[in-house]
Amino acid sequence: MVQPLTESTKLSGQHYTMPIHSVLQKLDTSEKGLSSEEAAKRLSEFGANELKEGKKASALEIFLRQFKNVVIWILIFATVISAFLKEYIDAVVILVIIVLIAVLGFVQEFRAEKAIEALKKLAPLKTIALRSGQKREIDAKDLVPGDIILLETGNKVPADALLIEVHNLQTQEASLTGESTPIAKAVCTLAAETSVADRKNCVFSSTVVVSGKAKAVVAATGMRTEIGKIATMLNEVKPEPTPLQKKMDRLGTTLSKAVVAIAAIVLVAGIIFQKAPMIDMLLVAVAVAVAAIPEGLPAIVTLSLALGTQKMLKRHALIRRLPSVETLGSTTVICTDKTGTLTTNQMTVRKLFANGKITDVTGVGYETKGGFLRDEKPARIDDETKLLLKLGTLNNNAELKDGSVLGDPTEGALIVSAAKAGMSKASLEAEYMRVDEIEFTSERKIMTTIHKRDGKKIAYVKGAPEIVLKACSHILLKGRELKLTDSTRKTILDVNRGFADTALRVLGFAYNRAAGKAPEKDLVFVGLQAMIDPPRTEVKAAIEKCRQAGIRVVIITGDHESTAQAVAREIGLEGKSLTGAQLDTITNLEEIVEDVAVFARVNPEHKIKIVSALKKKGHVVAMTGDGVNDAPALKKADIGIAMGITGTDVSKEASAMILTDDNFASIVNAVEEGRGVYDNIRKYIAFLLSGNISEVLIIVLGIIFGLPLPLTATQILLINLVTDGLPALALSTDPFEPNAMTRKPRRQDEPVYSGLKPFLLYYPIVMTAAALAVFSWFYFKQGNYLQAQTATFLTIGMFELYQALASRSTIYPALKVGIFKNKLLVLAVLSSFAFIAAGIFIPAFGKYIDMVPLSIGQFAFICAISSMGAVIIEVSKYLNTRKTPG
């Protein structure tokens, strides 16, 4: 007696290893299918054949997520303190900045976290199943293990199933396994270690039947299918903070500690040196601490990232989450799919063999531009080669239309190779009318078409070279049909093997003029056509650009190892290769992962394993993918990159970036943009922090030296908004630093302010000394406190405006990058200068901003000495880069 099907007796995913009768017995079913009653019972036990949705982030959760940032917390604290001190303008300005940051981040991320919803969209709505021996159209979600389903061309497979009967069945599984060509299916049993991509006796949920028919028994539904396992993995993968988020958090922590320290120093110094009451100094200490916070920094970082997304979109990279812009710039490894990203995803004939000669074919993809070479020189093709091309076009069911192929990509490549010799499929078919066809099957491995011309029939045959050759008795050489000898046969097989060793897919061609009862016997061999999905023309240069930038490129593909190795060689990638089967036996992948350039025949678990190993070695990993099978690894990587043209909804929703042209070169362009954005962020961190450090030093040292406050609260606010704010905004649009892609990637643990010593140390010292000297001279020599504060404000303002121009580069002297290239910056500097001058020389205006007039001489003198800070920065940059080429 068969044990009733329960959770404990399910197949545990091993159905592909068992004979059909054993699977049917285990599933307590038959080839007639289940009864409606039994199906209903199993549906309540196993649940609907659909993917369970993970917890969705609500709009409110996405909005609140924008506040998980140390710098934002500091700004919120500053808002509260400003309001408490009745500095309402400050409070409102900072609050507006906080809201702006949150809204920008929210808008960019609102469409995130929808991967499982996209997976659900892949589920087919209806399917044909046998219930009690009768065909019934049912909802795919009502399928259960043990159901018998019927499949035909064009169907989307509704569940994972074991094949019972097949008739020339081929399925397209690229979105699940990464296999670029249709998979021929068969009824058989396989070893337990067979990978998903090689399970030819199974069909999988959400793949597509491209030809043939089949009957199959459902072995797994819902979350137990292969696509369901991916959905589970996708739920389990938690995205990590980006490098920029980590660095900004570290900067925020450092700032918060500095702010507390500054407040404590001011409080103690005021009590000791000024003999001021504690409550008064507490208010002053808090005010100075708030002034030390660069409240514009997070807003300008967000604005810069947003501008970066616009620039990247023009270069075919759509960014879905703002911080991902900078992540690209810190990428150290790009893990890329092969098909369609490195390659054209268009099969292309590269070699011909006819009349005893090998001919190279130029051109890429389905473009009919190209020619023929022998010994790397243009060659005229002979009659035998023309016949080979003609056979490829006539024994063919595909069509070439508007640069794309309708039908089998392999047959499309044959049409294109003939078109390069001036042959038109339509013209040839009109001349050689097809009257019959013996179709290709995975068992026969050949296809024959019979044509009629001038009342005579002729058979054209194409297929696996060894099978075609076996059916040949003669060969066409120099216009004559000669007996096919063993040595000639061996030569042809050697050429075929040579082509195959370079990952070319080879087809043999022959004909039979006596196309009677046995059109596939006593054939005349004509030649071979060898093809491959070739690398994109721009990829090799992009790979070299990555090498110069210190970025490793790794191919991760579901395709065969030999094919991936051939593409790697052609585009200039060096390193070992590993297969998915080998990965299963490796426990310490992180120890060898940096030596591997190609991973082939991999499944989704392998991809996550590879990404994890690279991250353990400290790499920032960018991962490309287009299929459902790529989604978990896209989410696991530091930046997931989906394909916009061929990518599934799932891969797009799991990604941080989408390539609108599916081109690897666009990734490299996006990396360059990311590095530029990061460089710009460093520019205004250098600019804003150096100014804030200087302001705090001036106030703190003034208190310690027993001076009255060198600046009023209004003047501090004006410095932050006018002389700091306007130039900082302009710097967010600054052209990028030169030579971005010849520098090695920065270390993950490198602080965002690393290498900014001239800005954050030398400059504040010089500016503080100058400002205090100016204040002291006017206060003690001139005896005018208001003039002293005005002169100090002018000194700080001019220091900042000179420094804004010096901040055009944190690496190279401003003269090298061009002081006036950023028109917005020049406008911002001139506007800020005009504002300061108006406050000093127009008393009616100056009285509202705590300023009094200075003489022309005093004004000019302060403007001149205020250039010292920028000069110190420029000299430091020159000394650091004088030996740098370019």
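**View 1. Buried residues of helix 29 in the predicted model.** In this predicted model, the buried residues of helix 29 are L825, V826, A828, V829, S832, I836, A837, A838, G839 and I840. The elements that cover these buried residues include helix 25 (713–731), helix 27 (785–806), helix 30 (843–846) and helix 31. An α-helix has 3.6 residues a turn, so residues three or four places apart point the same way.

**View 2. The span of helix 29 from end to end.** Helix 29 runs over residues 823–841, and its 19 residues should span 27 Å at 1.5 Å a residue, which agrees with the 26 Å that separates its end C-alpha atoms.

**View 3. The packing of helix 26 with helix 31.** Helix 26 (residues 757–782) packs with helix 31 (residues 856–865) at an angle of about 155 degrees, and their axes lie 12 Å apart. Because of this angle, helix 26 is roughly antiparallel to helix 31, angles over 145 degrees being counted in that class. On the side of helix 26 the residues in contact are V774, W777, F778 and Q782, which meet Q858, I862 and I865 of helix 31. Sorted by class, this contact has 5 nonpolar and 2 polar residues, with no charged residues.

**View 4. The whole protein chain, for context.** The protein chain holds 32 helices and 28 strands, and its C-alpha trace spans about 120 × 75 × 45 Å along its principal axes. Of its 886 residues, 55% count as buried, while the chain exposes about 37,300 Å², of which carbon and sulfur atoms supply 59%. Among contacts between residues at least 6 apart in sequence, 70% join residues at least 24 apart.

Methods:
Residues are numbered from 1 along each chain as its sequence is written. This is a predicted model: local features need pLDDT of at least 70, side-chain atom pairs count only at pLDDT 80 or more; totals for chains, interfaces and linings use all residues. Side-chain values use heavy atoms; hydrogens and water are left out. Axes are lines fitted to C-alpha atoms, for helices over the stretch in contact, and angles run from 0 to 180 degrees between N-to-C directions. Helices (H or I, at least four residues) and strands (E, at least two) are DSSP runs, numbered from the N terminus. Angles under 35 degrees count as roughly parallel, over 145 as roughly antiparallel, 65 to 115 as roughly perpendicular and the rest as oblique. Contact means heavy atoms within 4.5 Å. Ala, Val, Leu, Ile, Met, Phe, Trp, Tyr, Cys and Pro count as nonpolar, Asp, Glu, Lys and Arg as charged, and the others, Gly among them, as polar. Buried means under 20% relative accessible area, exposed over 50%, partly exposed in between (1.4 Å probe, protein chains only). Accessible areas come from the Shrake-Rupley method with a 1.4 Å probe; for residues, only the protein chains shown count as cover. The expected span of a helix is 1.5 Å times one less than its number of residues.
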